[in-house]
Structures are given as C-alpha cells and as structure tokens.
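Here is a friendly walk through one protein chain, meant to be read with the model open beside you. Take your time and find each residue as it comes up.

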Amino acid sequence: MGDATADSGLDELHSAAPAFIHTVDASTLQLRRAAVALAALGGVAKVEGSTPEKSLPEKSQSSDAHPHQQQHQKEQQHSRGAMAGQQRYLRYIVFALVAIILLFFISSSSSVPSPQWPTTKGDKSQSVVDPNAPAAPATEKESTATTPNPGTQLPPATAKGDRMNATFVTLARNSDVWEIAESIRHVEDRFNRKFNYDWVFLNDDDFNDEFIKVTSALVSGKTKYGKIPKEHWSFPEWIDQDKAAKVRQEMKEKKIIYGDSISYRHMCRYESGFFFRHPLMMDYEWYWRVEPSVKLFCDIEYDTFKFMAENKKKYSFTLSLYEYVETIPTLWDAVKNFTSTYPQHVVEGNSMKWLSDDDGKTYNHCHFWSNFEIGNLNWLRSDAYIDYFTSLDHAGGFFYERWGDAPVHSIAAALMLKKEEIHFFNDIAYYHVPFTHCPTGEQYRLDHKCSCNPKDNFDWNGYSCTARFYEVNGMDKPAGYEKEQ
Ligand SMILES: Nc1nc2c(ncn2[C@@H]2O[C@H](COP(=O)(O)OP(=O)(O)OP(=O)(O)O)[C@@H](O)[C@H]2O)c(=O)[nH]1
Ligand SMILES: [Mg+2]
C-alpha cells in the first residue's frame with residue numbers, strides 16, 4: 001500500500017508541481033521522488049491516525065429530527081465530508097510541497113560542486129593558483145584551472161624585417177639549469193623577445209627532461225639540444241696521461257683556479273675547436289654565446305647579428321682583460337709555431353699590436369672574455385682557424401697547462417682577422433662574475449633603460465685591455481670615460 005500511495009501521491013504532486021521542478025536533472029529527480037514518497041507516507045500516517053470524520057466538529061446527529069432537517073443534516077454532513085476531503089487534500093499538497101522544497105534545497109546544495117580553495121600543495125591544478133607556489137612547470141600550463149596569470153604564451157617578435165641565420169649557443173650541464181634560466185631571461189627580456197632567434201644547447205651528457213622543459217619554456221625561438229660526440233670531449237691519443245695528471249696535481253698545489261679539473265680542460269678545448277662544428281650548429285652562420293648566470297643591463301633595440309653582417313664584423317666582445325699567466329706559459333710559443341708553419345693565415349692589418357708590445361716576440365696576455373661572444377661561424381670553420389686549432393691541440397697545452405678558450409679565440413681573431421672585423425659592443429651592458437661592462441655615457445644608459453652602476457664598469461680599469469683596443473684601432477674613447485677610471 002505504501003508504494004502505491006507514494007506513487008499516486010507523486011503523480012498528483014507532479015501534475016501540481018511548480019514548473020522549476022521539471023528543470024532539474026535525473027539525480028535531483030530521484031531525491032525528489034523520495035521526498036514525495038515521504039510526504040505521501042506522512043499523509044497516510046495522518047489518515048490512519050485521525051479519520052476525516054473524527055477531525056470534523058461533533059454536531060447533533062439525533063435520529064428523531066425532522067426528515068427535512070434530517071435531509072438537511074445529511075446534506076450538511078455530506079457537504080462537511082466533502083469540505084473535509086478537500087481540506088485534507090490541500091493539507092497533503094502543502095505538506096508534500098514543503099517537504100519537496102526542503103529536500104530540493106538540501107540535495108541542491110550537496111550536489112553542486114563547492115569552490116576549491118588552494119590549500120592542498122601537490123595538486124597540479126591548485127598550485128598555479130597558490131601565490132607562494134613555485135613557477136608552474138610546462139605540464140601545469142595545460143591545466144584548465146583559471147589563474148590570475150594566464151599569459152603562458154611568449155609575445156610575438158616585434159622587430160620588423162628578416163632574421164639572420166643566427167642562434168644563441170650554450171654549453172651546459174644539467175646542473176646548470178637554474179643558472180642558465182637566469183641568463184636566458186636576461187637575454188630574452190633585453191633582446192630576443194623582439195627577434196625570437198633560436199637557441200642551441202650542447203652537453204657532453206644527455207640533457208634531462210627538466211633542463212629541456214625549463215629552457216624551452218623560456219626561449220622565444222626554437223630550442224635545440226645536442227650531445228657532444230665522445231671524440232670531442234676526451235683526451236686525444238697523443239696526450240701523455242701521466243704528464244697531464246702531474247700537471248693537474250701541481251696546479252692544485254699552487255691553488256690555480258680549475259687547475260686540477262679534467263672536465264674544465266675538456267670544456268676549454270671544446271669551446272676552442274669544436275662547438276661550431278657540432279651538427280646542430282652547422283645550420284647557422286652567426287652565433288651569440290651565453291653562459292650560466294650572466295646578465296644584460298640595457299635594452300638592445302637592433303639586430304646585433306645584422307649589425308655584424310652589415311658592418312663586416314666577424315668577432316666581438318664586451319670585456320677584455322689580462323689572462324692568468326700560470327694557465328698559458330707556452331701558449332705564445334705554440335702560436336708562433338703555427339704562424340711560422342702557416343704564414344698565409346696571418347692577415348695584413350691585423351691586431352697584433354693589441355696582443356704584443358714587441359711586434360710579436362712576446363704576448364702581453366690581453367684577451368677578449370669569451371663567455372660573451374657574437375661571431376661568425378664560417379670564420380671559425382675556415383681552413384685558417386681549423387689549422388690554428390689543430391696546431392695548438394697537438395702542442396698539448398689544453399692538458400699539459402690549462403689553456404682557456406678565451407686567449408685561444410682572441411689570438412686567432414687578432415691575427416687572422418683584419419682589425420676592423422673585431423667589434424667592441426659598448427652598448428651591450430654585460431656581467432659575468434666578477435666583471436661588469438656598463439656602457440660609458442649617461443644619456444645612452446638612460447635611453448636604453450640600463451640598470452648597471454657605471455662605477456662597476458671595468459673598461460677603464462688598469463686590468464682591462466679595452467683602452468688598448470681603442471688605441472690600436474685609432475678610436476676616440478667614449479665621452480666621460482675619464483670619470484670612470
Ligand atoms: N656540458 C658541460 N658543460 C660545462 C662543463 N664545465 C663547464 N661547462 C660549461 O662551459 C661554460 C664555461 O664554464 P664555466 O664553469 O662557466 O667556466 P668559467 O666561466 O671559466 O668559470 P666561472 O667563473 O665558474 O663561470 C659554461 O657554459 C658551463 O656551463 C662540463 O663539464 N660539461
Ligand atoms: Mg662562466
């Protein structure tokens with residue numbers, strides 16, 4: 001009986017239900033069915049507990065009344081019974097409606113998803129909302145969560161015109177990821193976001209997923225990741241291992257920086273003779289070398305690669321200084337051996353005066369600091385440069401001493417390029433620990449939103465070779481340089 005009552009009650013109520021009830025979904029309807037069943041049961045309980053007759057007021061029902069009166073009483077009783085039935089029906093409806101409305105609100109509030117608050121760490125979709133959370137990795141960018149920082153795409157390049165066949169290049173270990181991330185941000189913010197040049201990363205090991213994920217998210221151009229072939233990162237067969245090990249021990253005792261490091265030596269040799277020959281680099285004509293933890297302090301508004309090409313430059317620098325003599329005691333002898341074997345590779349109008357105070361007899365140790373370089377890859381791939389590197393490599397100084405790629409590149413540029421082919425980028429404000437190049441000239445610094453302190457500029461310091469570069473090239477030093485000496 002209960003089921004039938006509930007169902008019939010439901011049918012009655014359904015037909016009388018307000019329109020909004022028809023708009024709810026199936027699960028809500030289930031709940032509402034239960035509510036109606038309850039309401040109907042409530043109605044039945046009421047019927048069983050108090051009959052309609054008993055609920056009506058007791059009037060005289062004497063049998064000796066006038067027949068008309070009896071009829072009247074009958075009619076009254078009949079109409080009272082009908083009224084009682086209507087009132088009862090109305091009560092059921094009201095009771096059931098109240099129950100439905102109550103249950104509807106209860107079920108609604110529990111079936112609508114509650115707002116999620118960003119308190120749970122480790123939940124991907126929430127961590128991007130957490131203002132204290134670390135930067136969202138690439139996979140989190142795919143989250144559908146709305147965040148207050150939705151700009152996940154790098155803005156399009158704004159500089160008009162063609163691009164050069166050029167790339168940034170970085171030699172790095174996986175452990176350098178955060179230091180190179182910092183450098184990339186500087187380069188992108190000050191220059192590359194406007195040009196979107198590619199970036200090649202080279203490593204003697206495989207790059208891991210984190211390195212690739214972090215760096216590719218930061219670079220506006222294409223990123224490419226290459227592994228260095230073993231033969232470019234190992235001891236050549238002509239190197240005497242015992243002799244090399246003895247040197248490392250001696251340099252360690254003398255506390256020469258990186259003096260006992262094998263990997264540093266492989267790195268210097270690789271940067272001197274191989275990076276420009278890596279298959280990934282073969283696609284390009286121009287490169288800009290970037291190391292971990294470097295900074296750019298001023299906006300660069302023009303295409304530096306195009307500048308190099310249009311002005312017939314092949315090599316460039318921002319900082320120059322004297323090399324640590326202990327690391328290159330026989331380098332100049334090896335260079336002289338090369339120039340006497342290949343005199344055709346030494347060009348007229350070169351920068352020998354920048355390298356030597358006595359026409360080439362001795363080396364003054366000036367070099368361009370090669371952690372920053374913008375240069376021409378075809379020059380490094382030329383016979384002249386390859387003969388030069390091969391000659392030095394056979395002399396063994398990368399392992400028997402600790403020749404750096406900076407003096408190796410610098411001597412090559414100074415002897416095998418015309419002096420006009422080497423460019424000093426006064427306008428590229430640059431830092432690599434511990435030296436700063438901050439452009440001389442206040443108006444330039446203001447116009448290009450520079451953030452370096454001119455007092456930190458190394459150029460006019462006695463340990464810099466940049467003043468000598470100006471003199472050798474017959475250039476006027478920038479106005480105001482005296483104040484920075
Ligand atoms: N893959 C790889 N890269 C290296 C290794 N050693 C150095 N490098 C990279 O080679 C470049 C020069 O190394 P650095 O350690 O910066 O050498 P540095 O500039 O003389 O010395 P710092 O003052 O320490 O910067 C950087 O881009 C390094 O990330 C190595 O063993 N493997
Ligand atoms: Mg470095």
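What follows goes from the whole chain to its charged pairs, a cavity and a few backbone details.

## The whole chain

Keep in mind from the start that this is a predicted model. The chain has 485 residues, and 45% of them count as buried. Its secondary structure is made up of 18 helices and twelve strands.

## Charged pairs

Side chains of opposite charge can pair when their charged atoms come close. In the whole structure, a search finds 15 salt bridges.

| Salt bridge | Closest N and O atoms |
|---|---|
| Arg185 and Asp189 | 3.1 Å |
| Asp206 and Lys227 | 3.7 Å |
| Lys477 and Glu471 | 2.9 Å |

Arg185 is partly exposed, at 46% relative accessibility. Asp189 is also partly exposed, with a relative accessible area of 32%.

The salt bridge between Asp206 and Lys227 links distant parts of the chain, as its partners are 21 residues apart. Asp206 is in the loop between strand 2 (198-203) and helix 7 (209-218), while Lys227 is in strand 3 (residues 223-227). Again both partners are partly exposed: Asp206 has a relative accessible area of 47%, and Lys227 has 44%.

Lys477 counts as partly exposed, at 23% relative accessibility. Elsewhere, salt bridges that share partners join Glu271, Arg289, Glu291 and Asp405 into one network.

## A charged residue without a salt bridge

Now look at Lys313, which is in the loop between helix 10 (304-310) and strand 6 (315-317). Is Lys313 buried or exposed? Lys313 is buried, yet it has no salt bridge. The nearest side chain of opposite charge belongs to Glu420, 7.8 Å away. A salt bridge needs the side-chain nitrogen within 4 Å of a carboxyl oxygen, so this distance is beyond the cut-off.

Which residues does Lys313 touch, leaving aside its neighbours within four places in sequence? The contacts are Trp286, Phe307, Met308, Glu420, Glu421, Ile422 and His423. Glu420 is thus a contact of Lys313, although the two form no salt bridge.

## A space inside

Rolling a probe the size of a water molecule over the atoms shows where empty space is left. This structure holds three cavities of 30 Å³ or more. The second largest cavity contains about 40 Å³ of space. Its lining is formed by Val169, Leu171, Leu202, Tyr270, Glu271, Phe275 and Arg289. Strand 1 (166-171) and helix 9 (262-273) are the elements that give two or more residues to this lining.

What kinds of residue line the second largest cavity? Five are nonpolar, none is polar and two are charged.

## Backbone details

Most residues other than glycine have a negative phi, and most peptide bonds are trans. A few places in this chain depart from that pattern. Asn196 has a positive phi, near 60°. Asn196 lies in the loop between helix 6 and strand 2, and it is partly exposed, with a relative accessible area of 23%.

Lys312 also has a positive phi, about 55°. Lys312 is found in the loop between helix 10 and strand 6. At 64% relative accessibility, Lys312 counts as exposed, whereas Lys313 is buried.

The peptide bond from Val433 to Pro434 is cis, with omega near 5°. Pro434 is in the loop between strand 11 (430-432) and strand 12 (435-437).

## A buried asparagine

To finish, find Asn376 in strand 9 (residues 373-376). Asn376 counts as buried, at 3% relative accessibility. How far is Asn376 from Tyr287 in sequence and in space? The two are 89 residues apart in sequence, but 6.5 Å apart in space, C-alpha to C-alpha. Not counting residues up to four places away in sequence, Asn376 touches Glu285, Trp286, Tyr287 and Lys314. Trp286 is also one of the contacts of Lys313.

Definitions and conventions:
Residues are numbered from 1 along each chain as its sequence is written. Chains are lettered from A and ligands numbered from 1 in the order in which they are written. This is a predicted model: local features need pLDDT of at least 70, side-chain atom pairs count only at pLDDT 80 or more; totals for chains, interfaces and linings use all residues. Side-chain values use heavy atoms; hydrogens and water are left out. Helices (H or I, at least four residues) and strands (E, at least two) are DSSP runs, numbered from the N terminus. Buried means under 20% relative accessible area, exposed over 50%, partly exposed in between (1.4 Å probe, protein chains only). Lys and Arg count as positive and Asp and Glu as negative; His and the chain ends are not counted. Contact means heavy atoms within 4.5 Å. On a 1 Å grid over the protein atoms alone, a cavity is a set of points where a 1.4 Å probe fits but cannot get out, and a pocket is an open set with protein on both sides within 12 Å along at least five of seven lines; lining residues have an atom within 4 Å of a point. Grid points are joined across faces, edges and corners, and a volume is the space filled by probe spheres set on the points. Ala, Val, Leu, Ile, Met, Phe, Trp, Tyr, Cys and Pro count as nonpolar, Asp, Glu, Lys and Arg as charged, and the others, Gly among them, as polar.
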